[in-house]
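Please read it with the coordinates open.

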Number of protein chains: 2
Amino acid sequence: MEQITQDFINDVRDLLGRDQTRLVQSLVIDLHPADTAELLECLSSEERVKLFDLVSDEVAGAVLAEVEPHHRKDLIEGLDAGRIFGIVKQLESDDAADLVAQLPPEVAEVVFRRMDEPEAEELRKILEYAEDTAGGIMGWEVMSVPDGITAGQAIDEVRRRSSEVGEFYQIFAVDGVGRLVGTIPLHALVVAHPDERVSSLMDRNVFAVQTGMDQEEVAALVSKYDLVSVPVVDAFGRLVGRITIDDVVDVIEEEATEDIHRMAGTSEEEVPGESVLRVSGLRLPWLIVGLTGGMIAAYVLSLYKVSLKELLALSFFVPVVASTAGNVAMQSSTIVIRALATGELAVGRVWSRILREVAVALINGAVCAIILFTVTSFWQSSAKLGAVVGASLVAVVLVAAAIGTAVPMFMKRINVDPALATGPFVTTSNDVVGLLIYLHIATLFLTWLK
Amino acid sequence: MEQITQDFINDVRDLLGRDQTRLVQSLVIDLHPADTAELLECLSSEERVKLFDLVSDEVAGAVLAEVEPHHRKDLIEGLDAGRIFGIVKQLESDDAADLVAQLPPEVAEVVFRRMDEPEAEELRKILEYAEDTAGGIMGWEVMSVPDGITAGQAIDEVRRRSSEVGEFYQIFAVDGVGRLVGTIPLHALVVAHPDERVSSLMDRNVFAVQTGMDQEEVAALVSKYDLVSVPVVDAFGRLVGRITIDDVVDVIEEEATEDIHRMAGTSEEEVPGESVLRVSGLRLPWLIVGLTGGMIAAYVLSLYKVSLKELLALSFFVPVVASTAGNVAMQSSTIVIRALATGELAVGRVWSRILREVAVALINGAVCAIILFTVTSFWQSSAKLGAVVGASLVAVVLVAAAIGTAVPMFMKRINVDPALATGPFVTTSNDVVGLLIYLHIATLFLTWLK
């Protein structure tokens, strides 16, 4: 297991600087493409292009499939159409399509013209599928056999076609018109008697997905049923490709990143290497929503001008109440969002979930209120003020928990990604509603206790 | 592909209520264990036990491996030792160990006593590995062959042992003392000539992990190198088990959930079905940290008593400044935390990353400040107040971005999970530092502009 250490990187940079290309090649030749990709990402853009020129077309293709998207763009821009064609030829169809999709149209045209017609045709078809659907992530190379033959014949067929398919762990059985009728795990085929029929070996209970299915749904299926590869069929049930689990692993990581980014109030489009200006643009909308909420909060505060002036101490506790309510809402909404994403929580159980979160908030709010009461009573030498602030805190926290739970569940129901809820909506509504409740209750209590 | 619909659930509940066990069995018998698990989770606890009694030991084992942990506990409690022994016998070693680990010690003892000695011995050994290490998630059943035999002999060996290993996609070659020396993809074996030697077919560049490796590292390796299964070796390089990709998929989802929960200020131990009191306990520490920060903020505010009284309007904008700074810090820290978790960001590049985040914050802070200036100028009829609040906002936001970036990177460096950083530390330090800066700058400006 080769790891890219800092020493190794320094050696490569040093040798590249002295144009010792032979030595660099000998250092890099045994690396796994994923390690070569990692190495490339640690170099300057000049060194990167230099090193990439030294690897063979076959390795270059695998490296491009592994490298971070923004570095991939850089690398591709430095290549001529001939080299690109050489690389595309070495890739599996899904990776080839990803690569061609990133080429400038005129370069892509040159690559298409150099390809054989059937290959070019196939590639064009893949490119028509949306990137985040089963069709977009599938490979076209599938190991399929007619359902009428024997295990021995199937093994011969597998042997004959193995070079074109690459790795595979499952064989698909199709009927006379290419419809998928069953799957045979490779190990079952190995173990079977050569005269046994494929139709008796195969599992007819096939998990297949249609080309248009969202990649997140595909990932959920694969994860739920522990599949190593999923066949993809067209609208007529004909086998058109397969998705392997390594692509699914990428989807799962992508989707988790997407959720985390959205929860923080930025976009899944924010990737390393994006320009500062573009990142600013992606984050700004959420900040403006928050800012608007803050300004409404300022307006709310100004309405209570009189009581604030009368009891300046009340205004000191605005940040305490706001941040505690914010934390409680964040806890509830995050737990609900993740549970919805992993399928642990059904959207139908809104009320029981809200009750539960409010119960948790009641306990924690009470504890926080007691602490706040004690500190305030001593600090401001006024148990009355302490009681008022503490009681208001409990009320605000209960509302915060209810909002934090209800908003993501409501969003899920109307088919908006619940992860969008934590950032601006929950925080903002919390700020405004929380402040209103705090000031209203506090003023009421104070008047009443006077 | 069978899906658990609400109608289906209702039918099952109805039949269970009328004790039509035969009919229920016929409905459930063709379900995938993952679907049966989902169905069980939708039932009342009484119905759950009733239904679970109806499934065979073999299916029951697979269902227990799929069901949510807190439901698993419920189901196990309802079973006698005989039934548990029957189920354990049907499971692969890693799932069997997970199940036995959850049994009350006295029941586990009964199960152990009923088992054959070698099996019991093996199970005890697995139970010794920590749950979140390679040893804890691996299965002991591996398809291994001596490296000295031919492909034909290897296939015979595979055929002989296939029933005990279950699914497999790779064969491991071991030397005379059991050390792992190479891997052979199953399809390569199928395609090979029977007289070819295993030693010439195998890939000697083996990705193996040691039993003590953290499961998160294992997942990162599998995801990076697109592996379908990883062999596990002991300290002497002897093959002891393998981890399959479906377990890795579970780990990836678990780790993402863990990060998301920690970022929200709760614990990965918060699982559905946990009691309200326990959930409160898990969330409370973060709230108290936040509360402490808020109280320090209140103290900071009280220090500026005079200027606040003089210009009450200044206090209206405390929530705006605090929430905008909070949002900016959240964006920076989340992006950094996720990039550290997926390995996209190296911890060595602290300064360049902070600069970058501060640059983004400068642009967005400036835009927000202009909006705030405009609104404040008109609303409070004072361009001076608008300018002061706007300028302070920019300063606070820059500091927030720097804190949000630096804290998680620092935590990563001292080997504390950076996901812990977003919740309390960043928020609290932000509240206090932000407020100090805001009030200090605002008072300075106001005095200076007087």
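The points below go from the cores to the sheets, then to a helix pair and single residues.

1. Basis. This is a predicted model, in which local features need pLDDT of at least 70, side-chain atom pairs count only at pLDDT 80 or more, and totals for chains, interfaces and linings use all residues. Residues are numbered from 1 along each chain as its sequence is written, chains are lettered from A and ligands numbered from 1 in the order in which they are written, and side-chain values use heavy atoms, with hydrogens and water left out.

2. Cores. A nonpolar core here is a set of buried Ala, Val, Leu, Ile, Met, Phe, Trp, Tyr and Cys residues joined through side-chain atoms within 4.5 Å. Buried means under 20% relative accessible area, exposed over 50%, and partly exposed in between (1.4 Å probe, protein chains only). The largest core holds 130 residues. Within this core, A:F52 and B:F52 touch the most other members. A second, separate core has 81 residues, among them A:V320, A:L446, B:I441 and B:A442. As background, nonpolar side chains tend to be buried together in soluble globular proteins.

3. Around B:F52. Contact means heavy atoms within 4.5 Å. Neighbours within four places in sequence are set aside. B:F52 then contacts B:L40, B:A60, B:V63, B:L64, B:L75, B:L79, B:R83 and B:I87.

4. Helix α7 of chain B. Helices (H or I, at least four residues) and strands (E, at least two) are DSSP runs, numbered from the N terminus. α7(B) spans residues 81-90, and seven of its ten residues are buried, so the helix is largely enclosed by the rest of the structure. The buried ones are B:A81, B:R83, B:I84, B:F85, B:G86, B:I87 and B:V88. Their cover includes α4 (45-54), α5 (57-66), α6 (69-77), α8 (93-101), α9 (105-114) and α10 (117-128) of chain B.

5. Strand β5 of chain B.

6. Partners of β5(B). Two strands pair if DSSP finds at least two bridges between them. β4(B), residues 209-210, pairs with β5(B) in the parallel sense over two bridges. There, B:V209 has B:V232 as its bridge partner. β6(B), residues 239-244, pairs with β5(B) in the antiparallel sense over five bridges. B:V232 stands opposite B:G241, and B:P231 opposite B:R242. Six of the six residues of β6(B) are buried, so β6(B) is also largely enclosed by the rest of the structure. The hairpin of β5(B) and β6(B) has five residues between the strands, and B:G237 takes a positive phi near 80°.

7. The open sheet. Three strands of chain B form an open sheet in the order β1-β2-β3, with mixed pairing. β1 (144-146) and β3 (180-185) stand at the edges with a single partner strand each, so one side of each is left without a neighbour in the sheet. The twist averages 30° from one strand to the next. β2(B), residues 170-174, and β3(B) pair in the antiparallel sense over five bridges. B:F172 has B:T183 as its bridge partner in β3(B).

8. α21 (residues 350-379) of chain A and α17 (residues 276-303) of chain B have axes that come within 9 Å and cross at roughly 35°. Axes are lines fitted to C-alpha atoms, for helices over the stretch in contact, with angles from 0 to 180 degrees between N-to-C directions. The contact residues divide into 19 nonpolar, three polar and three charged.

9. B:T211. This residue sits in the loop between β4 and α15 (215-225) of chain B. At 12% relative accessibility, B:T211 counts as buried. Not counting residues up to four places away in sequence, its contacts include B:Y129, B:M138, B:V232 and B:V240. The C-alpha atoms of B:T211 and B:G241 are separated by 8.8 Å, at 30 residues apart along the chain.

10. B:E255. This residue lies in helix α16 (residues 245-263) of chain B. At 10% relative accessibility, B:E255 counts as buried. B:E255 touches B:Q215 and B:E216, leaving out residues up to four places away in sequence.

Terms used:
Ala, Val, Leu, Ile, Met, Phe, Trp, Tyr, Cys and Pro count as nonpolar, Asp, Glu, Lys and Arg as charged, and the others, Gly among them, as polar.
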